[in-house]
Amino acid sequence: MNGGGRRKGFPGFLDGNLGSGHLFLLGVLLMPSFLFHQSLGLRLAQTGLFAVLCLLSGRRIRPLPTILTVAAIIVCNLLVPTGRILFSIGPLSVTEEALLSGVRKAATFEGLILLSRFYVRPDLRIPGSFGGLLSRSLFYFERIMSRGRRWNRKRLLVDLDAMLLELQAEGEVAERAPRVARTSLRGVLFGCALLGVNWAAFLAVLAAGKG
Amino acid sequence: MKSTTPLSRRLDRVALLGACCLFLSSIEYILPKPIPFLRIGIANLPILIALDLLSPPLVLLVVALKVAGQALLSGTLFSYVFLFSLVGSAASGLSMILLRTLFAKRMSLVGIGVLGAFASNSVQLILARFLIFGEGAWLIAPPFLALGTVSAAVLGFFAERFSETSRWVRAAREEG
């Protein structure tokens, strides 16, 4: 298990108080309040909140890969200049809209990574045979997202191949993962509070016309 | 030849390729687009790889996982985005399976990828014509189809190289 995995001996508040199905439902219900608004301030606040939730579920967050990813997304977006020129760095003109778009995309990307890391657990079982397959796919997706692997452009094929081999091996271990916890009253109250705060902020932003 | 590998093992491969689709669509999201609706389609790469590894129904399952997973992860299940994704992915998935079945190895993954992208983009344009843009949809057709063709050719080339060199693909082929 790499650094993105759960801490051994510290199952975390969420793992201890919310069953995997309810945790998944919580993540799905949080998603619209995160995605369907344009307020950069709220998006950044929610990303911070999801980072806290990751820590509560016993996940480590590695700052360096996160910072590098955020920087890469912002720089990548600055390459397509839109809006007022704020300043120039050599030949690169930093424009207002491109910068805001880059920061928003970086916050969304990191927020979704953090969200997917806490709401999908190896013991998740969505009902039905397709649900089971989807659960499995989401488990693998969560594992890919938590790897923080550095991709080497010259060795892209080799890196991708190694990742598939490692994931397949991890999947075989996870196949035997026991169910971690049942949902407790504390977990229900926590989930409702979390949804309430996020949806209230989301609706407030919409009402203020920033949605 | 009928596969002797247990179904659970083959379904596990389906889930893994589906997860790769979701990962690549996350990467696609962060790439800047000169026009908002232009997409490179890199999430189709695992489907191209799946064509030589899985039976047609299982390839369609990878497509279904891609569509359902994207909708869940992006919260677009009840929107036009989901409809476009569903129709586009189904068109490209079905056409690529059909081409692989008809031409087997006589057509490379580059050709299959390009025609699959063309099928996907064409049905999405038709949908856009009737649901959103009206006649204006035909104005965006040339760059939409051109970018789709170029990116699909690159993806097809990448998939071809990967299928030739990958230890994971080789192991999956040997298992059947």
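A117(B) counts as buried, because it has 29 C-beta neighbours inside 10 Å. The cut-offs are these: buried means 20 or more other C-beta atoms within 10 Å of the residue's own, exposed means 12 or fewer, and partly exposed is in between, with C-beta atoms placed from the backbone.

A word on the model. It is predicted, so local features need pLDDT of at least 70 and side-chain atom pairs count only at pLDDT 80 or more, while totals for chains, interfaces and linings use all residues. Residues are numbered from 1 along each chain as its sequence is written, and chains are lettered from A, with ligands numbered from 1, in the order in which they are written.

Back to A117(B). It sits in helix α5 of chain B; helices are DSSP runs of H or I, at least four residues, numbered from the N terminus. Leaving out residues up to four places away in sequence, A117(B) touches G41(B), S92(B), G148(B), T149(B) and A152(B). Contact means that the C-beta atoms, placed from the backbone, lie within 7 Å. G41(B) is 76 residues from A117(B) along the chain, and their C-alpha atoms are 8.0 Å apart.

Now A104(B), in the loop between α4 (80-103) and α5 (109-133) of chain B. Is A104(B) buried or exposed? It counts as exposed, because it has 9 C-beta neighbours inside 10 Å. Its phi is near 45°, a positive value in a residue other than glycine. Most residues other than glycine have a negative phi.

Last, the contact between the chains. Chain A gives 31 residues and chain B gives 29 residues. On the side of chain A that touches chain B, α6(A) supplies the largest share, nine residues.

Methods. Two residues are in contact if their C-beta atoms, placed from the backbone, lie within 7 Å. Helices (H or I, at least four residues) and strands (E, at least two) are DSSP runs, numbered from the N terminus.
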